[in-house]
Amino acid sequence: MNQLSLDFAEPLYPRFDKLLGNENAELIYILQQEHDQFIYLWGERGSGKSHILQSWVGQALQNGHQAVYIDAAAHTLSEQLIGDACYVAIDQIEKLRSREQTALFNVFNRFRNSRQGYLLLSSDLHPSRLNLREDLRTRVAYCLPYEVKPLSVQEKIDALTNMADTRRLNIDPRIYPYLLANWKQDMNSLLQMFDDLANYSIHSGKPMTLALLKQLLKEHKN
C-alpha cells in the first residue's frame with residue numbers, strides 16, 4: 001500500500017457521501033449499500049472522482065477489508081499490485097496500457113467467477129468512448145455506470161468543511177468562500193489547495209487563517 005500516493009492509516013478523507021452533493025444521491029446510496037459488484041464512474045475532469053475512489057477505499061480499510069486505490073496515470077497496474085485486495089479502485093482507466101488492460105481483465109474474471117470482490121472504476125469518458133481492447137470493453141459493460149455531477153458552490157464549501165472536520169482542523173470559515181472566489185473551481189484543484197494550505201499551516205506553525213490562504217494563493221500565482 002505504501003507505494004501508492006496515499007496513506008490510509010488516518011482518515012484523511014471524509015466519507016464519499018460527504019463529497020458528492022445532492023445531485024449524486026443515488027450514487028451515494030449505491031456506494032453505501034454495496035449491492036453492485038462493479039461500478040464505473042465518469043464525469044468532467046475535476047468533478048471529484050479521484051477523491052470518491054480514495055474515500056471508498058479508505059472506508060473499506062477502516063472496516064477491516066483489504067483494499068487498494070490505483071491511479072492508472074501514475075502507477076502501473078498489475079495483479080501483483082492488487083494482491084489479495086477485495087475492494088479495488090482504479091482511477092483514469094483510459095490510461096491503461098495493453099499489459100495493464102490484461103491485468104484488469106483478469107481481475108474482472110476472478111471477481112465475477114468467485115462472486116467476491118468489488119471494483120470501482122473511473123474515467124473522464126463515458127464508457128462508450130473508452131479506447132480499450134474489446135474483451136475488456138465487454139467486462140466494463142458489466143459495470144453499473146454513474147455520471148458524477150458537478151457540485152454547487154455551497155456543496156463545494158460543504159465538502160471542504162467536511163474535509164476540515166475529518167482532519168479535526170481549526171480553520172477560519174471565511175477561507176471557504178474566498179478560496180472559491182479566487183481559485184480554480186474544479187473539486188480536484190480546490191481539494192489540492194486545501195491540502196497545500198493544511199500542510200503549509202503545519203510546517204509554518206501558523207493557524208489556518210484567511211491571511212495565510214491569501215499568502216499561499218499569492219505564492220501559487222507568482
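A residue counts as exposed when its relative accessible area is over 50%, and as buried when that figure is under 20%. Keep those two cut-offs in mind, as they come up all the way through this predicted model. The side chains of D172 and R174 meet in a salt bridge, with 2.8 Å from N to O.

Now zoom out to the overall layout. The protein splits into domain 1, covering 18-147, and domain 2, covering 153-220. Their C-alpha centres sit 28 Å apart, and the contact between the two draws 10 residues from domain 1 and seven residues from domain 2. UniProt, in an unreviewed entry, lists residues 154-217 as "domain: Hda lid". That span is 73% helix and 0% strand, and the C-alpha atoms at its ends are 21 Å apart.

Next, the packing. The largest nonpolar core has 27 residues, and the members that touch the most other members are I93, L104, F108, L119 and L121. Several elements give two or more residues to this core: the strands β1 (38-42), β2 (67-71), β3 (87-91) and β4 (118-123), along with the helices α3 (79-82), α4 (98-114) and α5 (134-140). Helix α4 gives the most, with six residues. To see what one of these core members packs against, pick F108. Setting aside neighbours within four places in sequence, F108 is in contact with F38, L119, L121, L136, R139, V140 and C143. There's also a second, separate core of 25 residues, which includes I175, M208, L216 and L217.

On to the charges. Side chains of opposite charge can pair when their charged atoms come close. The count here comes to six salt bridges, and R45, K49 and D124 are linked in a network of them. Start with R45 and D124, whose closest N and O atoms are 3.1 Å apart. R45 lies in the loop between β1 and α2 (49-62), while D124 lies in the loop between β4 and α5, so this pair ties together parts that are 79 residues apart in sequence. The other link from D124 goes to K49, at 3.0 Å from N to O. Since K49 is in helix α2 and D124 is in the loop between β4 and α5, that pair ties together parts 75 residues apart in sequence.

D124 comes out at 23%, which means D124 counts as partly exposed. K49, at 5%, counts as buried.

E155 is buried yet has no salt bridge, and the nearest side chain of opposite charge, K156, is 8.8 Å away. For scale, a salt bridge needs a side-chain nitrogen of Lys or Arg within 4 Å of a carboxyl oxygen of Asp or Glu. You'll find E155 in helix α6 (residues 153-166). Leaving out residues up to four places away in sequence, E155 touches G21, N22, E23 and P150.

N22 is found in the segment before α1 (25-33). Its relative accessibility is 65%, so N22 counts as exposed. From N22 to H51 is 29 residues in sequence and 17 Å in space, C-alpha to C-alpha.

Last stop, the backbone. Most residues other than glycine have a negative phi. Two residues here go the other way. Q92, in the loop between β3 and α4, has a positive phi near 55°. R115 sits in the loop between α4 and β4, and its phi is near 55° too, again a positive value in a residue other than glycine. R115 has 75% relative accessibility, so R115 counts as exposed.

Conventions: Residues numbered from 1 in each chain as written. Predicted model: local features only at pLDDT ≥ 70, side-chain atom pairs only at ≥ 80, totals over all residues. Heavy atoms only, no water. Helix = DSSP H or I, 4+ residues; strand = E, 2+ residues; numbered from the N terminus. Buried < 20%, exposed > 50% of the residue type's maximum accessible area, 1.4 Å probe, protein only. Lys, Arg positive; Asp, Glu negative; His and termini not counted. Contact = heavy atoms within 4.5 Å. UniProt positions renumbered as here; feature names shortened; annotations may be inferred. Core = buried A, V, L, I, M, F, W, Y, C linked by side-chain atoms within 4.5 Å. Domains from an automatic or database assignment.
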